[in-house]
Amino acid sequence: MDLFEKCYAPSLASEIKEKGLYPYFHALESRQDVEVIMEGKRRIMLGSNNYLGLTTCPEVIEAGVKALEKLGSGCSGSRFLNGTLSMHLELESELADFLEKEAVMTFSTGFQSNLGIISSIARLGDYILCDKENHASIYDACRLSFARTYTFKHNDMEDLERLLQIYSQKGGVLIVTDGVFSMSGDIANLPEIVRLAKKYGARTMVDDAHGLGVLGEGGRGTAHHFGLEKEVDIFMGTFSKSLASLGGYMAADKVVVDYVRHSSRPFIFSASITPASCACALAALRHLRAHPELPKRLMSLSNHLRTALTDRGVKIISSDTPVVPIYTYEVLDTLQAARDIYENGVYLNPALPPATPEHECLLRTSCMATHTEALLDEAADIIASVITKNNIKEPQNV
């Protein structure tokens, strides 16, 4: 059998390309903003994770330019060897203070952060209990570790306790959950997860990629949203969303961070965050700390979009986050709607299986703190018009 045979086999990607419904790799020709130029046309951006809108913040841009001029384009090595800048240490110190944890370490990407943390902490003889709807990077991290992994039904605490009853006596247990789930926008039941972890002697880790800058006092994240910042053992997050840059982090007790720093292969054997990326993340963090009203503005706009869509008869998943998913149910209906909405001037993200259950496809929209109500109303008009015109309804007898 030819190794490349799989590359030539029929696939969903090739099928939807033939139908003219391929929704990926649209090219931006402008900055990541509330309005963009994409493939030569103005689009309202509802498909970005730029939650605080800081990719266009003058302070953030200036910090990146100055770092590039002063420190060059890259570090040419890992943090373990020649790739540590004083700015890396500055970012880690200020982020630890913001998150109210003893220590922070940074990784080159958010995806790599999960790989590096989980593969170091969970070893042979340990157990990982993973929410079924966790991010793909968590699943890959579980595969990279030698621990045994078991999934519990999404936000189902009875199912989690069932697994804890089985495995808590057999080895170390790590419960891993997204803080804010990226597709549905719902929030993990952290109070109950923490209670069960204490009851069964497990440790907890929260992937707060979509929680930082969004939830909690001043945007400190999901654990702070529940007042559990001292109870959750590990926070993980990324700089590519609210902090408008590139990279990721781990926040935990100093001894735990130091252990991962000296044992994480994805950390030790990867080049460090570039000077410009580090400077932008640090400037964005400082801007957030100086403007704690930004997460509140973001939430106000998100509620406005939810109301605007429901008032126009569009069925959404309700949540308390900037992620506003729209039900479109079937794959082809979803792709058709995404294409038509795009052609009418709004960019959003189709979410298909396996990212969603069968017959529960979504159009994922997300707000920025820099949107205006007028822009969101314009986008809602376009979305509602397409949903109505395409006669998208919940399937019967599925």
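Reader: Does Ser76 count as buried or exposed?
Author: The relative accessibility of Ser76 is 71%. Buried means under 20% relative accessible area, exposed over 50%, and partly exposed in between (1.4 Å probe, protein chains only). With 71%, Ser76 therefore counts as exposed.

Reader: Where does Ser76 lie?
Author: This is a predicted model, where local features need pLDDT of at least 70, side-chain atom pairs count only at pLDDT 80 or more, and totals for chains, interfaces and linings use all residues. Residues are numbered from 1 along each chain as its sequence is written, and side-chain values use heavy atoms, leaving out hydrogens and water. Helices (DSSP runs of H or I, at least four residues) and strands (E, at least two) are numbered from the N terminus. On that numbering, Ser76 sits in the loop between helix 3 (58-71) and helix 4 (86-99).

Reader: What is the phi of Glu100?
Author: Most residues other than glycine have a negative phi. Glu100 is in the loop between helix 4 and strand 3 (103-107), and is partly exposed at 34%. Though not a glycine, Glu100 has a positive phi of about 60 degrees.

Reader: Which omega goes with the peptide bond from Pro353 to Pro354?
Author: Pro354 belongs to the loop between strand 12 (349-351) and strand 13 (361-366). The Pro353 to Pro354 bond is cis, with omega near 10 degrees.

Reader: Which residues does Asp159 contact, neighbours within four places in sequence aside?
Author: Asp159 lies in helix 7 (residues 157-167) and is buried at 10%. Contact means heavy atoms within 4.5 Å. Leaving out those neighbours, Asp159 touches Thr151, Phe152 and Lys153.
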